[in-house]
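I set down each point as I looked it up.

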Amino acid sequence: MVVGAVVRILSGRDKGKLMMVTDNADGKFFVADGKRRKLECPKQKNPKHIEATDMIIDVALVTGNKKLVKLLKDIGDKVSN
């Protein structure tokens with residue numbers, strides 16, 4: 001999975017939410033949604049607990065948490081329709 005990939009959380013408190021991968025290290029992924037999990041402090045997730053979608057956000061477009069929230073909301077609307 002690449003940085004900017006949109007993933008769905010499969011387990012934990014954030015189950016069912018869409019988030020963006022911000023980094024990966026030691027077999028773990030760091031994800032953020034801009035609301036609860038800010039870009040400055042992403043959540044570390046086990047790869048077993050996330051599901052990749054076919055969407056990728058251009059990291060250059062994510063200028064802050066508000067922009068990430070808007071992008072994920074737009075993607076969520078496309079996925080649900």
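Which residue's side chain meets that of Arg36 in a salt bridge? I looked this up in the predicted model and found Asp14, with an N to O distance of 3.7 Å.

Entry on the position of this pair. I located Arg36 in the loop between strand S3 (28-32) and strand S4 (43-45), and Asp14 in the loop between strand S1 (5-9) and strand S2 (18-25). The two residues are 22 residues apart, and the pair links distant parts of the chain.

Entry on accessibility. I noted that Asp14 has 3% relative accessibility and is therefore buried, the limit being under 20%. Arg36, at 41%, counts as partly exposed.

Entry on a further partner of Asp14. I found that the side chain of Asp14 also meets that of Arg37 in a salt bridge, at 3.3 Å from N to O. Arg37 lies in the loop between S3 and S4 and Asp14 in the loop between S1 and S2, so this pair ties together parts 23 residues apart in sequence. Both Asp14 and Arg37 are buried.

Entry on helix H1. I recorded a salt bridge between Asp74 and Lys70, whose closest N and O atoms are 3.3 Å apart. The two residues are separated by about one helical turn because they stand four residues apart in helix H1 (residues 65-80). Asp74 is partly exposed, with a relative accessible area of 31%, and Lys70 is partly exposed at 47% relative accessibility.

Entry on the whole set. I noted that salt bridges with shared partners join Asp14, Lys17, Arg36 and Arg37 into one network. The structure holds five salt bridges.

Terms used
Residues numbered from 1 in each chain as written. Predicted model: local features only at pLDDT ≥ 70, side-chain atom pairs only at ≥ 80, totals over all residues. Heavy atoms only, no water. Salt bridge = Lys/Arg side-chain N within 4 Å of Asp/Glu carboxyl O. Buried < 20%, exposed > 50% of the residue type's maximum accessible area, 1.4 Å probe, protein only.
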